[in-house]
Amino acid sequence: MASRPDTASVTNDGFDRSIVLVGMMGVGKSTIGKLLAGKLGLAFVDSDEEIEKAAGMPISEIFDRFGEEGFRDGERRVIARLIAEGPKVIATGGGAFINDETRQLIKVQCLAVWIDADIDVLVERVSRRSNRPLLVGKDPRTVLSELMAKRVPFYEQADIHVRSDSGPHARTVNQILEALA
Ligand code: S3P
């Protein structure tokens, strides 16, 4: 059966492309991605973890040593490699889909899913982890609100849009499965 790139990534033989989760930091892309991959029988990868492995250092150190620009460059190369490896579920860092080249790679070769949430939900969720360089020493609500205003026009270009409220991530996974069906 021929693939239907404009509607879904499912063929009789399974998925013909990766499903790439995009959206703000703290929204739950990695947790949701793992659950989604399990439901679909696909492998799961987190692009931030893959960048850390490739660079041999944590993201905070990549930002310190090479700046955000250096990080984005590595992020684009790692995401391109993950896509080329074959269909899987990929959770990306919050800024990946904002980079023009990375977004084009994802839009052309994958199915992009924007996971969206209210600012209150994001602020609550980022408070559980303190290692995000863009938030260090800053008020998370201010930074997240500013980033969100800038990023939404890019996230809107994803193929699928789901909302993740403060309920269980499994609910968001079901929304994605419904959108894929
Ligand atoms: C970033 C989000 C982070 C990580 C880096 C930059 C961003 O990933 O890629 O700190 O620009 O929003 P998460 O979205 O997984 O936190």
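Predicted model: local features only at pLDDT ≥ 70, side-chain atom pairs only at ≥ 80, totals over all residues.
In which helix is D120 found? D120 lies in helix α5, which spans residues 119-126. A search of the whole structure finds 17 salt bridges.

**D120 and R141**

- In sequence, D120 and R141 are separated by 21 residues.
- In space, the C-alpha atoms of D120 and R141 are 8.0 Å apart.
- A polar contact of 2.8 Å joins the side chain of D120 to the side chain of R141.

**A pair within helix α3: E68 and R72**

- E68 and R72 form a salt bridge in which the closest N and O atoms are 2.9 Å apart.
- Both residues belong to helix α3 (residues 59-84), and because they are four residues apart there, about one helical turn separates them.
- The two partners fall into separate accessibility classes: E68 is partly exposed at a relative accessible area of 34%, whereas R72 is buried at 12%.
- R72 counts as buried because its value is under 20%.

**A pair linking distant parts of the chain: D118 and R163**

- The side chains of D118 and R163 meet in a salt bridge, with an N to O distance of 2.6 Å.
- This pair links distant parts of the chain, as the two residues are 45 residues apart.
- D118 sits in the loop between β6 (111-116) and α5, while R163 is in strand β7 (residues 160-163).
- D118 is partly exposed, with a relative accessible area of 45%.
- R163 is also partly exposed, with a relative accessible area of 38%.

**E124 and R128**

- E124 forms a salt bridge with R128, and the closest N and O atoms of the pair are 2.8 Å apart.
- E124 has a relative accessibility of 42% and counts as partly exposed.
- R128 has a relative accessibility of 59% and counts as exposed, because this value is over 50%.

**A salt-bridge network**

- Salt bridges with shared partners connect E50, K53, R81, E85 and K88 in one network.

Key
Residues numbered from 1 in each chain as written. Heavy atoms only, no water. Polar contact = N/O pair within 3.5 Å; in protein donor to acceptor, adjacent residues only side chain to side chain. Salt bridge = Lys/Arg side-chain N within 4 Å of Asp/Glu carboxyl O. Buried < 20%, exposed > 50% of the residue type's maximum accessible area, 1.4 Å probe, protein only.
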